[in-house]
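Here is a short report on one protein chain. Look over the sequence and the model, then read on.

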Amino acid sequence: MAKQNLNGVLIFGKNLICDYAKKSTIVDVTLLKKEPNNKYMGDYTNSSEHRYKYVGSKNHSNIAPPSKVLHLSNLPGDKGPDFFKALFAERGRIEKFMYMKNADSMALVEMATLEEAIYVLIFFHNFDINQKLLKVSFSKYKKIKQEG
């Protein structure tokens, strides 16, 4: 799915290239042992932050291709749209913000551009807000419809 959804996406001013690895598994773990404190390299197979480890899970069935619309979850109850506009301001502009019906801990946010949405996902997924980790993923929606 990564190749299908991310290949060619513009990020940091360049097109991302995704392709299949020559090997189906990583068997050489010596690199991990040589650099145990390297935060960019590790085995995340059993990590609690691995959203898609169970095939067929609710998270797995909600994988969506990159979109200007992001799904936010695990939102703290005391933060409103203005908080997120200010938080995301360094990475992009929020065009629309809408809480999910009957779920004030989830919202949809539409960014001005796809690239800005990607930045927000990269920089703010698992961002700590009042000891709650913000969850950010691409939404299946391509636009947020105006209410009313």
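Asn5 lies in helix H1, residues 2–6. Helices (H or I, at least four residues) and strands (E, at least two) are DSSP runs, numbered from the N terminus. This is a predicted model: local features need pLDDT of at least 70, side-chain atom pairs count only at pLDDT 80 or more, and totals for chains, interfaces and linings use all residues. Residues are numbered from 1 along each chain as its sequence is written, and side-chain values use heavy atoms, with hydrogens and water left out.

Asn5 is buried, at 15% relative accessible area. Buried means under 20%, exposed over 50%, and partly exposed in between (1.4 Å probe, protein chains only).

## What Asn5 touches

Set aside neighbours within four places in sequence. Asn5 then contacts Ile63, Ala64, Pro65 and Pro66. Contact means heavy atoms within 4.5 Å. Asn5 and Pro66 are 61 residues apart along the chain, yet their C-alpha atoms are separated by 6.7 Å.

## The sheet

Five strands form an open sheet in the order E4-E5-E3-E7-E6, with antiparallel pairing. Two strands pair if DSSP finds at least two bridges between them. E4 (94–100) and E6 (127–129) stand at the edges. Each has a single partner strand, so one side of each lacks a neighbour in the sheet.

E6 pairs with E7 (residues 132–138) over 3 bridges, in the antiparallel sense. Phe127 has Leu134 in E7 as its bridge partner.
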